[in-house]
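Work through the exercises below with the structure in view. Try each task before you read its solution.

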Amino acid sequence: MKRRWGQWEPIESLAESVRSKRISATSLIERSLKEIKTYQEYNAVILTLENRALAHAKQIDKFVNEGKNPGKLAGVPFIAKDNFLLTDSETTAASNILKGFIAPYQATAISRLEAEGAICVAKANLDAFAHGASTENSDFFVTKNPYDKTRVPGGSSGGSAAAVALGMVPFALGTDTGGSIRQPAAFCAAFGLKPTYGLVSRNGVVAMGSSLDCIGPITTSAKDAAVVLDVISGQDTLDSTTVKSDPKGYSDISALNLGGVKIGLVKEYLNQGVNNEITVALNSTVEHIRSRGAEMKEISLPSIDLALACYYIICPAEVSSNLSRYDGVRYGYFNADVKDLDSGYIRSRGIGFGKEAKRRIMIGTFVLSSGYYDAYYKKAMTVRTKLIEEFKAAFEQVDYLIGPVTPSLPFKIGEKSANPLDMYLADVMTVGANLVGIPAVSIPIAFSKDNLPIGLQVMARQRDDRNLLALSMAIEELINERD
Amino acid sequence: MMSNNLEFTPTIGIECHVQLNTQTKLFSGASNDARFAEPNTLVNHIDFGLPGALPVFNREALNLAIKAALALKTRPQLFSTFDRKHYFYPDLPMGYQITQYDQPIIIGGKVDFKLEGKNFTVRITRAHLEADAGKSMHPAGKDYSLVDLNRAGTPLLEIVSEPDMHSAKEAKAYAQELYLLMRYAGVTAGDLYHGNMRFDVNVSVSNNRHLGVRSETKNLNSFRSVEKAVNYEIKRQIDLIKSGKIVVQETRGWDEAKQKTLLQRRKENADDYRYMPDPDLPPLVIDDKYVNAIADNMPYSPDFWRAKLKKLHLSDDHIDVLINANIDFMHAKYLELIMEFDEQGLNATRLANWLVNIDIPLTKENKTKIGSNRNRLYKEVNDLNSKGTLSSTNLKQLITVCLSMVEPPKDIAVFAEKEGLIQSSDSTELNKIIEEVIRHNPKAVSDVRSGEQKAIGYLIGQVMQLSKGQANPELSKRIIEEKLK
């Protein structure tokens, strides 16, 4: 895969260079900050943390000089989506209601990265509260696709994906509730990993749909994603839904031998009106994988057509609940020009939340209200259980499921923003993994004739993240050979 | 017109919020003891509703809920879940309360109690764990309100009864027994003044087979107010019906100053709390082994003690006094003391009477300091008493004096003698000597009588001489003074 911008060395080699004094952490951070400035016009970043990052780099260099171990990710710069809390820094989730909010603590994922010497250089743009698939719902500005400035980078982790594609950092953190890591990774020719639900702590990350939210890296390779996952994954006493990481870890993976590997092609995904260029790229990759000895077969997930509807009930329900705390009373935007409490709530939330947040709050409030709960929320939960069973049955036949990430190529800015339903359809192939809680990746496999990125989605069994990444490495090797 | 009221049957159900006696809050590591803390000092990320903060369940609360289930004569549910109950209020930082709506930790159970010699049983519908909200204050005459989040996240067990009560007395007796059950099981600190247990009473009246419309009077924090509020509601509702009006379903509050219930809000438009399962908290799953381990270490129940005391032939009134005093003054360990006496073959009934008649009244008046040293005191008093050397008045005097000391005297017999409380043959001997001394020293006697204090010393010296140093000078002094009064 040819990428357009200056690329970083693999993360492990960068850290090794810092540890062995071949390069200083400070120079890595300076390079990152320079790249951020150079590509400012893409609006990938909400806030640059120049002083904090340089101070941190200085400390790492001091560690190295004193012969202390600065960690597995020593001096490696990264960008966090602006829904990760970072101590003493502004965290907005790209929303007006949180503008100016200074976080008094930080996300477990950030702390784990910092403990291994990684350095957060900036906060990336997103659709406000991660509601969207284009970053057009950011209350601040739209991020532009690095491969075509008139197009969206995908979302909601659009800023993170664009930042990695533009070479600002070797990796960025994103969140994926219905495809928010994989879809922008596909739109920006980056590698995106949505790990197994619970593998990475959600503590300190602004919640969207708590039963669906996953935290993961956006990188330029599967190997780099594994290196980052190795650091951020594992149980956290502050998040009761976390699970143990793989006892073997993730960072030492190598490309999976494709001989005899059983891979299922999700039949239903192929009939969803997928863009022809995406279908062609997918088919050619599938043939390529088959040629290396993998067993490919079509798999049916009969209820997957209901996944999107199911998602757009469960997710807004949780959103309406999770956004209740933003009332302006303790922090965030408050409109004091009111006579009583209720109008205070209405004014503050009415002005502070953007259109999409309000839309989801209304949908969620509706499906949870008495009289509608059984017809919507409960039914959606039943479908969710059915989906879990169907995926389980599929994984009895094959080890991996493969398909497109998105039905379309990166779309034009403004093309879908007038029609929210159209925008929701961008998630049609990604929400399944969130509802079921399984790991899934987006691997860049080709460019369209207009040079727009195309991604491939691979899903695996719950807790099989390690093998999923090893398979991804093998597919990357095939793509590189081809090119 | 009381006789007319008899046509009406009141029906009462009670919801009780029991504050669990945990070190920390239900979902955060902040301290659960807000009694003496400055406002908003016991507040963690989740208690403040910060973005990204997640609840972490406190297992101590689970163990206490299991104890509550056992105290209510049932077993806890092995699978229970948490839900979110949504409403907006400044003292509810997350905009929802975490509670157990669908699958609570306790389903079923009962409370048995005695009232005026009759046995009653009130069935328990359910009991669920939930996090308390913070406290809102509305200073009079100000244009602002204040919120204290110290209480936000405090673990509560809400115990819901079936509508099995039919009088204010029954309601009060149920509340009292529930309180005892929870206190004896160690579920709550039970400080009613600080709202450790709050009662909501649902009252309806009916003169036919169907239940009437009920009112709910919330946040009663004493047994007396439970009784009064129920009585007030029964009368208010009967009056309404008799005057041709209807009872409206509504929430009311008890005004202690006015001694009446007041309307808080109507329930015509039922609140929609939009309950949903809390995705941040996995289900609570326990097994029988886990429950059994707790059952094996359950403290004795009030009924266990009642039976024990009954065997000692104590009256029901005395049993009540002891049962209540045992938790009102936990450090005194009254019941353990009685049991120990009984087990050692000592006279436990007599001890119980000392406790009821002397110790407990003094302790109530804050006049005892002895604490955990009671044990030794009563054993020695018991020994001394067995020798029959103390009158009952002197015995009471001795116990009273000793209870006011932190350390009981080293040798209680010597102490009693020094205090002049022992009726021994020695003391008759001493009397004889003193009478002799008085007879032989008229000058000194008349000096004492005319207020010459030094002369007493002379007389005591004579007594000492005559008794060859055996007499107790203190006691001698008192007897001489008595005789020369």
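**Exercise 1. Find how many residues of chain A are in contact with chain B, and what classes they fall into.**

Step 1. Count the contacts: 32 residues of chain A are in contact with 23 residues of chain B. Two residues are in contact if their C-beta atoms, placed from the backbone, lie within 7 Å.

Step 2. Look for helices. On the side of chain A that touches chain B, α10 and α12 (355–368) of chain A each supply at least two residues. α10(A) gives the most, with three residues. Helices (H or I, at least four residues) and strands (E, at least two) are DSSP runs, numbered from the N terminus.

Step 3. Sort by class. This side of chain A has 13 nonpolar, 13 polar and six charged residues. Ala, Val, Leu, Ile, Met, Phe, Trp, Tyr, Cys and Pro count as nonpolar, Asp, Glu, Lys and Arg as charged, and the others, Gly among them, as polar.

The model is predicted: local features need pLDDT of at least 70, side-chain atom pairs count only at pLDDT 80 or more, and totals for chains, interfaces and linings use all residues. Residues are numbered from 1 along each chain as its sequence is written, while chains are lettered from A and ligands numbered from 1 in the order in which they are written.

**Exercise 2. Describe how α10(A) packs with α13(A).**

Step 1. Take the geometry. Helix α10 (residues 307–322) and helix α13 (residues 374–397) of chain A pack at about 125 degrees, and their axes are 9 Å apart. Axes are lines fitted to C-alpha atoms, for helices over the stretch in contact, and angles run from 0 to 180 degrees between N-to-C directions.

Step 2. Name the arrangement. α10(A) and α13(A) are therefore oblique to each other. Angles under 35 degrees count as roughly parallel, over 145 as roughly antiparallel, 65 to 115 as roughly perpendicular and the rest as oblique.

Step 3. List the contact. α10(A) brings A307(A), C310(A), I313(A), I314(A) and A317(A). Among the residues from α13(A) are Y376(A), Y377(A) and R384(A). By class, the contact has ten nonpolar, no polar and one charged residues.

**Exercise 3. Is T154(B) buried or exposed?**

Step 1. Count neighbours. T154(B) has 27 C-beta neighbours inside 10 Å, so T154(B) counts as buried. The cut-offs: buried if 20 or more other C-beta atoms lie within 10 Å, exposed if 12 or fewer, partly exposed in between.

Step 2. Leave aside neighbours within four places in sequence. T154(B) is then in contact with residues including Q19(B), K25(B) and D132(B).
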